[in-house]
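Thanks, everyone. I'll walk you through one structure today. Please have the sequence and the 3D view open.

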Amino acid sequence: MSSDEKTVVVTGSGQGIGRATAVELARRGYQVVIADLNADHAASVADEITSTGGSALALAVDISDADSCRAASGELAGKVEKIDGLVNNAALFSTLTMKPFWEIPEDEWNRVLQVNLTGTWRITKELLPLLRGSAAASIVNVAASAVWIGRPNYAHYVASKAGVIGLTYAISRELAGDGIRVNAVTPGSVQTEIPRHTITPAQVQAQVDAQSVRRPAEPSDLVGAVAFLLGPDSGFISGQTLNVDGGLTVR
Ligand SMILES: NC(=O)c1ccc[n+]([C@@H]2O[C@H](COP(=O)([O-])OP(=O)(O)OC[C@H]3O[C@@H](n4cnc5c(N)ncnc54)[C@H](O)[C@@H]3O)[C@@H](O)[C@H]2O)c1
């Protein structure tokens, strides 16, 4: 790794949006840490990047577990001196089924909050010493435009992502003294390689019809926004949400 190479950790990059983000950030010259609960997926994405000439490390981590986050941070500190970016993308999402809020089992509610919100807080604080080692670190939290539309039948998910936005705002203030910027992106519905059986083709089409950009979003639609918020072009932006939903919501 050269001294001017920037390192970015992308959580949940074993598949889906996180994977696409990691692959593109590597293509743009970042060393990318593929941090995921699924160690096999993380290793496979890291291999995919290194086999095409990019720089990547796989890191197994469960962001819902304090010991796992501490161990992952320690493991990473043995491999890199600092990290310049953190994309908090890991979440329980594609495995969730839609149901009214009064039918969400208590353990499912708690698990979604534990991973999506508490996990984002936990891995961020564990990686803080490495982020502080960078001259200009940037954190990008992946929230969801489901918050802006009050999307029904995912109340735990929507509440967790609203929490991520609040966390973004609060810690952007707390990290000001460290020169670390913190922002969020709010994607609309994104088609990834992972099939989602709870969304019908008719629902996908209805959403496309409601967007100003009349096509389904792909993971690549997110990556430019994330890269912008990570890099120097957004150097005067902190504590903001960048909405990337094809104009589904206007605000
Ligand atoms: N796909 C969409 O329509 C959409 C829309 C808005 C926001 N988002 C957000 O974008 C992000 C990625 O979405 P996706 O569709 O790729 O999701 P996904 O469910 O396909 O992938 C999530 C990834 O996170 C990992 N993960 C889950 N729990 C973890 C844990 N405890 N510790 C570490 N890793 C864990 C999974 O192993 C997986 O690789 C999520 O934050 C999601 O909420 C997605």
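Start inside, with the largest nonpolar core. This is a predicted model, so keep that in mind throughout. The core holds 27 residues. Which of them touch the most other members? Those are Val-8, Leu-25, Val-32, Ile-34, Val-87, Val-185 and Leu-230. E1, helix H1 (16-27), strand E2 (31-36), helix H2 (39-51), E5 and helix H8 (220-230) each supply at least two residues. The largest share comes from H8, with six residues.

In soluble globular proteins, nonpolar side chains tend to be buried together.

Leaving aside residues up to four places away in sequence, Val-185 touches Val-140, Asn-141, Val-142, Ala-143 and Ala-144, among others. Its contacts also include Leu-222, Ala-225, Val-226, Leu-229 and Leu-242.

Seven strands form an open sheet. What is their order? Reading across, we get E3-E2-E1-E4-E5-E6-E7, and the pairing is parallel. Strand E3 (55-60) and strand E7 (241-244) stand at the edges. Each has a single partner strand, so one side of each is left without a neighbour in the sheet. On average, neighbouring strands are turned by 20° against each other, direction ignored.

Let's go through some pairs. E1 and E2 run parallel, joined by five bridges. There, Thr-7 stands opposite Gln-31 in E2. E1 also pairs with E4, in the parallel sense, over three bridges. Val-10 stands opposite Val-87 in E4. Next, E4 and E5 pair in the parallel sense over four bridges. Here Asn-88 stands opposite Asn-141 in E5. Thr-241 in E7 is the bridge partner of Ala-184.

What packs on this sheet? Helix H4 (residues 106-132) does. H4 touches strand E1 (7-11), strand E4 (85-88) and strand E5 (138-142). The direction of H4 makes about 175° with that of E4.

First, E2: buried or exposed? Six of its six residues are buried, so E2 is largely enclosed by the rest of the structure. Both faces are covered. One side has Gln-31, Val-33 and Ala-35; the other has Val-32, Ile-34 and Asp-36. In a regular strand the side chains alternate between the two faces of the sheet. Second, E4. Gly-85 and Val-87 point one way, while Leu-86 and Asn-88 point the other way. All of these are buried.

On to helix pairs. H1 and H2 come first. Their axes come within 10 Å and cross at roughly 25°. That makes H1 roughly parallel to H2. The crossing is right-handed. Who meets whom? From H1, Arg-19, Ala-22, Val-23 and Ala-26 meet Val-45, Glu-48 and Ile-49 in H2.

H4 and H6 are the next pair. They pack at an angle of about 20°, with axes 9 Å apart. Under 35 degrees counts as roughly parallel, and H4 and H6 are therefore roughly parallel to each other. H4 passes H6 in a right-handed crossing. On the H4 side, the contact includes Glu-108, Trp-109, Val-112, Leu-113 and Trp-121. On the H6 side, it includes Ala-155, His-156, Tyr-157, Leu-167 and Ile-171.

Where is Asn-153? Asn-153 lies in the loop between helix H5 (146-149) and helix H6 (155-174). Asn-153 has a positive phi of about 75°, although it is not a glycine. Most residues other than glycine have a negative phi. Asn-153 is partly exposed, with a relative accessible area of 33%.

The other is Gln-205, in helix H7 (residues 201-210). At 42% relative accessibility, Gln-205 counts as partly exposed. Pro-216 is 11 residues from Gln-205 along the chain. Their C-alpha atoms are separated by 8.1 Å.

That's the tour. Questions are welcome.

How values were computed:
Residues are numbered from 1 along each chain as its sequence is written. This is a predicted model: local features need pLDDT of at least 70, side-chain atom pairs count only at pLDDT 80 or more; totals for chains, interfaces and linings use all residues. Side-chain values use heavy atoms; hydrogens and water are left out. Two strands pair if DSSP finds at least two bridges between them. Axes are lines fitted to C-alpha atoms, for helices over the stretch in contact, and angles run from 0 to 180 degrees between N-to-C directions. Contact means heavy atoms within 4.5 Å. A nonpolar core is a set of buried Ala, Val, Leu, Ile, Met, Phe, Trp, Tyr and Cys residues joined through side-chain atoms within 4.5 Å. Buried means under 20% relative accessible area, exposed over 50%, partly exposed in between (1.4 Å probe, protein chains only). Angles under 35 degrees count as roughly parallel, over 145 as roughly antiparallel, 65 to 115 as roughly perpendicular and the rest as oblique. A crossing is left-handed if the near helix is turned anticlockwise from the far one by less than a right angle, and right-handed if clockwise.
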